[in-house]
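Hi there,

Here is the structure I promised to pass on. Have a look at it first, and my notes follow below.

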Amino acid sequence: MRKGFIVAALLVVVIGGLYAYLRLSVQGGGGAGEISLSGSEEPSSDTSMTREVDLYFADSSGRRLALERREVAGTGRQGLLRAVIEELVKGPVGEDRVRTLPETTQVKAVYFQDATVWVDLGASIVDEHPGGAWTEVLTVYSIVNTITENFTEVDQVQIIVDGRERETLAGHVDISGPLPGRVQLLSGEWE
């Protein structure tokens, strides 16, 4: 009986330690809301990749998302993901589309793990956002849809700012957790 108790106690300690290790590796151990962007599910790759992608910008009326196709190159999957977000920051080429991210937005890191992509953007995404509920919806889902619709291995996207989770970018859209894509915004519909 005593032997069974010791085995059970050791099992609880091992499981608790594993849980703490996994939790700290996701949160980076740097305090509440801070995300570690080091490490990757994919091994380091020097392979240059090119892919044709659909970027989601706002249409000229600002009422829905509109597609613009581009060829994007990056090194490895994470490099390609980062390059796609950097193309969004550059803004549209076509005159019938409008940028959804401030042109000063800095892409700090892009991290992929377990079908989720974390996109870490600099503070200008918040500081220079024009505001408004619908503009914020278009900003958030231009990022989320661009990633989820072009990378089938991605189910959801978490937007973070300067390495930290935020409730919103401009007070309207909850970005405190990962978000799935919403392609219905191509037709201007929300729910």
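**What I found**

Helix H2 (residues 76–90) packs against helix H4 (residues 133–150) at an angle of about 140°, and their axes are 10 Å apart. H2 passes H4 in a right-handed crossing. On the H2 side the contact (heavy atoms within 4.5 Å) is made by Leu81, Val84, Ile85 and Leu88, and on the H4 side by Ser142, Ile143, Thr146 and Ile147. By class, that contact has six nonpolar, two polar and no charged residues.

A word on the source: this is a predicted model, in which local features need pLDDT of at least 70 and side-chain atom pairs count only at pLDDT 80 or more, while totals for chains, interfaces and linings use all residues. Residues are numbered from 1 along each chain as its sequence is written, and side-chain values use heavy atoms, with hydrogens and water left out.

H4 turns up again at the largest pocket, where it gives the largest share of the lining, three residues. Strand S1 (48–59) and H4 each supply at least two lining residues. By class, the lining has six nonpolar, four polar and three charged residues.

Finally, Pro92 sits in the loop between H2 and strand S3 (97–98). Its relative accessibility is 21%, so Pro92 counts as partly exposed (between 20%, under which a residue is buried, and 50%, over which it is exposed; 1.4 Å probe, protein chains only). Leaving aside neighbours within four places in sequence, Pro92 is in contact with Phe57, Glu68, Arg70, Arg97, Val98 and Arg99.

Best wishes

Terms used
Axes are lines fitted to C-alpha atoms, for helices over the stretch in contact, and angles run from 0 to 180 degrees between N-to-C directions. Helices (H or I, at least four residues) and strands (E, at least two) are DSSP runs, numbered from the N terminus. A crossing is left-handed if the near helix is turned anticlockwise from the far one by less than a right angle, and right-handed if clockwise. Ala, Val, Leu, Ile, Met, Phe, Trp, Tyr, Cys and Pro count as nonpolar, Asp, Glu, Lys and Arg as charged, and the others, Gly among them, as polar.
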